[in-house]
Amino acid sequence: MKPANTIFILSDEHNKRVLGCYGHAMIRTPNLDRLAARGTRFTSAYTNCPICVPARASFATGRYVHEHRCWDNAIAYDGKLPAWGHRLMEQGHHAVSIGKLHYASGDDARRNGFNEEILPMHIVNGVGDLLGLIRDELPRRKGAANLGPEAGPGESDYTRYDRSIVDATVNWLKNEAPKHKSKHPNKPWAMYVGFVAPHFPLIAPQAFYDLYPVDQVPFPDMYAHDQRPRHPFTDAMRKSMCFDEPFDEPMVRRAIAAYFGLTSFMDDNVGKILLALEELGELNNTRIVYTSDHGDNLGTRGMWGKSTMYEESAGIPMIAAGPDIPAGHVCDTPVTLADAFPTYVQSVGAQFAPADATLPGASLIDIANGSTPKRIVLSEYHAAASVTGTSMIRCGENNRYKYVHYAGLPPMLFDLKADPFERKDLGRDAQYASVVAECEKALRTVVNPDTADRNARADQAEAIARNGGKDAILGKGTFRYSPPPGVKAAYH
């Protein structure tokens, strides 16, 4: 395989169901749909954690959450574990980051695995969301209740930030990429682009919001209170993450329209990057992967935001295109964000270090070409509004089952072949007890979920103590979302 320049574009909180190439009837995502048509679309892609900071640590290190121990949005990647960018820089490749990273600090790009960070966004004040550390008695995150009332058309700090990211990316491709090609023709560069859309606030630029008449957008599945499934984990999460409490039907429809608008806005920004590559004559010579750090429940089951193991939240879009990647192909093999590490290394023609032999990931290029690595893909959650540690795997023949393990609580089990929208939880069905047992056995070959739960709580307790204790954190409150560069966090 010939080495090639490689770009990963990572959006934030993109529900994979809201993409034309994934079958959505209404959403307009022409640029990502064209990318999928000239490449491979992965149907079973997952985040390694359905919240920003841990997911991005897995993307960087190629490690699962219980390995890198960035459990939540207050314990971020700090460069101590090698990232894919470190491997590339060691071998003379240029690694550039543009946009949201959500690492511990932006003081030293090389420590984070980059030659340069452009417009980086990291955790707030180097400490992040301290409120998420408190899990013994879940605090009520009252700012979440603003999600619905503010939804609608307009501009936000995030839409302005994404515009600056795409401008910086196009500028780098036009002005810097040719220099690297001239100086280092045998050392392809690697780029990471981190957009924020369609992450809330659900405020979409008017032209994109107007694409989706509020009386025509689909209503969330299982939204009515008597339709919402009950489980101790999600019941507690709804009380802590009180997103849905103010919603009425018109508000729901505005929120959906705004999310759709933000998705189309993001797709438009991706299109500008693809156009720049085309104008430079490099589109067909560059490997491009589009994905997201996690999804969004988007009102399904009365839940918004991320943090659950349902497909809307833990599932992510994953599209790869470029040299040696099959065109017009659909791949059902499960993949995760941890696969970014081996993909970058292989794509630019670099070599792995001996320590990389234990990485759980595999190259997306190989998988797109038919490789089926013998592994169990894993997603974990130990962060905000979680009463206990959560682990999710795909298992069974052809990975038909999704198993969700809750430390100390009943499991969930879904037959995704028969029930792709996860409307029937089989976890407590006696007829599926043997399947649950086999899935738990498979999970424990990858992680001891009870040990991971204890380790997370111990690390979080230490972080609470370092930051003045529980009462001090509760007294300060938190922010709703990390602000982009140049904007101060608003605590409440």
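This is a predicted model: local features need pLDDT of at least 70, side-chain atom pairs count only at pLDDT 80 or more; totals for chains, interfaces and linings use all residues.
Residues are numbered from 1 along each chain as its sequence is written, and side-chain values use heavy atoms, with hydrogens and water left out. Local features need pLDDT of at least 70 and side-chain atom pairs count only at pLDDT 80 or more, while totals for chains, interfaces and linings use all residues.

The structure holds 37 salt bridges (a side-chain nitrogen of Lys or Arg within 4 Å of a carboxyl oxygen of Asp or Glu).

Select Asp356 and Arg87. Their side chains form a salt bridge, 2.7 Å from N to O. Asp356 sits in the loop between α13 (340–348) and α14 (364–368) and Arg87 in helix α4 (residues 84–90), so the pair ties together parts 269 residues apart in sequence. Helices (H or I, at least four residues) and strands (E, at least two) are DSSP runs, numbered from the N terminus. Both Asp356 and Arg87 are buried (under 20% relative accessible area; exposed is over 50%, partly exposed in between, with a 1.4 Å probe and protein chains only).

Next, select Asp453 and Arg135, a salt bridge of 3.9 Å, N to O. Asp453 belongs to helix α16 (residues 449–466) and Arg135 to the loop between β5 (116–121) and α6 (147–150), so this pair ties together parts 318 residues apart in sequence. Asp453 is buried at 11% relative accessible area, and Arg135 is buried at 4%.

Now select Glu176 and Lys179. The closest N and O atoms of this salt bridge are 3.4 Å apart. Glu176 is partly exposed at 27%, and Lys179 is partly exposed at 43%.

Last, select Lys16, Arg17, Arg301, Glu311, Glu312, Lys402 and Glu422: salt bridges that share partners join these residues into one network.
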